[in-house]
Amino acid sequence: VFGSLLLAYPLIGTLGLSALVVGFFLVDGLTRTAMAFRYRAFSRWGLLLASGLLSFALAAVAIYYWPGSGLWLLGLLVGVM
């Protein structure tokens, strides 16, 4: 059902998937940042903190440039993978 809706309404589907990705980056950034502060006793907790802050930054850029970012965000992620 979801696939047929994506084929019928590609722009709305792309924006919806991009919103889902932005939500993932927000939750991921929050989780990684919280884990970094929890594991400060370990030597490489700063890398985990940097990863969380980078997820927040990517989500912030996508939200700032919304709805235009909905069109390039998925292409960027597919290209990186």
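Q: What counts as a helix or a strand here?
A: Helices (H or I, at least four residues) and strands (E, at least two) are DSSP runs, numbered from the N terminus.

Q: What kind of model is this?
A: This is a predicted model: local features need pLDDT of at least 70, side-chain atom pairs count only at pLDDT 80 or more, and totals for chains, interfaces and linings use all residues. Residues are numbered from 1 along each chain as its sequence is written, and side-chain values use heavy atoms, with hydrogens and water left out.

Q: How many helices and strands, then?
A: Four helices and zero strands. The order from the N terminus is α-α-α-α.

Q: Which residues make the nonpolar surface patch?
A: Val61, Tyr64, Tyr65, Trp72, Leu76 and Val80, covering about 660 Å². Like charges are joined within 9 Å, nonpolar side chains (Val, Leu, Ile, Met, Phe, Trp, Tyr) within 5 Å. Areas come from the Shrake-Rupley method with a 1.4 Å probe; for residues, only the protein chains shown count as cover.

Q: Which helix gives the largest share?
A: H4, with three residues. Helix H3 (45-64) and helix H4 (69-80) each supply at least two.

Q: Is Tyr64 buried or exposed?
A: Exposed, because its relative accessible area is 65%. Tyr64 sits in helix H3. The cut-offs: buried is under 20% relative accessible area, exposed over 50%, partly exposed in between (1.4 Å probe, protein chains only).

Q: Switching to Ser55. Where is it?
A: Also in helix H3. Ser55 counts as buried because its relative accessible area is 8%.

Q: What does Ser55 touch?
A: Phe25, Asp28 and Gly29, leaving out residues up to four places away in sequence. Contact means heavy atoms within 4.5 Å.

How values were computed: Patch = residues over 30% accessible without salt bridge, like charges linked within 9 Å, V, L, I, M, F, W, Y side chains within 5 Å. Salt bridge = Lys/Arg side-chain N within 4 Å of Asp/Glu carboxyl O.
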